[in-house]
Amino acid sequence: MVGQRRPVSGLPARGGFTRHAGELLRTTGPGYCVVLLDLDDFKPVNDKFGHAAGDAVLAAVGERITHWLGSDETAARFGGDEFVVLAAHDASLPDRLKALREEIVAPVAHEGLALSVGVSVGSAEVADGLGQALREADRAMYKAKGSGRRGRSAAGPSASRSQSARHPA
């Protein structure tokens with residue numbers, strides 16, 4: 001991953017992601033999916049246990065996403081409690097996303113506490129450019145949030161443009 005990294009999550013910011021994702025799409029071709037991940041119940045962690053606890057959660061999520069990534073994939077923290085991944089779109093992606101979701105919702109140890117958050121996930125194939133895929137993944141993510149916290153929603157041709165499933169933690 002290239003670009004300036006955010007100090008807490010260790011992941012690039014939006015600009016670094018956009019540059020690296022664009023480079024991957026130009027050099028490796030089609031076959032990618034944009035995945036947006038929005039942490040659920042993050043604000044209560046910050047409010048109840050303080051910003052150091054919130055930072056511990058963001059750092060853990062950044063590390064978990066980094067370890068999950070394949071060699072020709074990239075990720076970033078878009079801001080606040082929202083993360084984005086450009087992932088290879090192949091037959092293993094649904095299982096890989098399930099594993100990532102399980103990693104993210106696993107409790108984070110911090111000063112004797114087990115901090116828990118959920119995650120809402122939206123995804124879209126990169127068919128008509130990165131910007132369009134980001135917009136579709138964003139809509140899918142908010143659709144997942146609308147169907148209940150900790151949900152997942154996919155948009156794209158292979159998902160009949162709209163598919164939603166709720167996955168409680």
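## Contact of α2 with α3

In this predicted model, helix α2 contributes Phe42, Val45, Asn46 and Phe49 to a contact with helix α3. The α3 side of that contact consists of His51, Ala53, Gly54, Val57 and Leu58. By class, 6 of the residues are nonpolar and 3 are polar. None is charged.

Helix α2 spans residues 42-49, and α3 spans residues 51-68. Their axes come within 6 Å. The crossing angle is roughly 145 degrees.

Strand β1 covers residues 32-40. Of its 9 residues, 9 are buried, so the strand is largely enclosed by the rest of the structure.

In a regular strand, side chains alternate between the two faces of the sheet. On β1, Tyr32, Val34, Leu36, Asp38 and Asp40 point one way. Cys33, Val35, Leu37 and Leu39 point the other way. Both sets are buried, Asp38 and Asp40 included.

## Pairing partners of β1

Strand β1 is joined to β3 (residues 82-88) by 7 bridges. The two run antiparallel. Here Val34 stands opposite Leu86 of β3.

Strand β6 (residues 118-125) is joined to β1 by 8 bridges, also in antiparallel fashion. Leu39 has Val119 of β6 as its bridge partner.

## Confidence

The average pLDDT of the protein is 85. A score of at least 70 is reached by 82% of the residues.

Which pLDDT applies over residues 156-169? There the value is below 50. In the model, this stretch has 35 contacts beyond near neighbours in sequence.

Definitions and conventions
Residues are numbered from 1 along each chain as its sequence is written. This is a predicted model: local features need pLDDT of at least 70, side-chain atom pairs count only at pLDDT 80 or more; totals for chains, interfaces and linings use all residues. Side-chain values use heavy atoms; hydrogens and water are left out. Axes are lines fitted to C-alpha atoms, for helices over the stretch in contact, and angles run from 0 to 180 degrees between N-to-C directions. Helices (H or I, at least four residues) and strands (E, at least two) are DSSP runs, numbered from the N terminus. Contact means heavy atoms within 4.5 Å. Ala, Val, Leu, Ile, Met, Phe, Trp, Tyr, Cys and Pro count as nonpolar, Asp, Glu, Lys and Arg as charged, and the others, Gly among them, as polar. pLDDT is the predictor's confidence in each residue, from 0 to 100. Buried means under 20% relative accessible area, exposed over 50%, partly exposed in between (1.4 Å probe, protein chains only). Two strands pair if DSSP finds at least two bridges between them.
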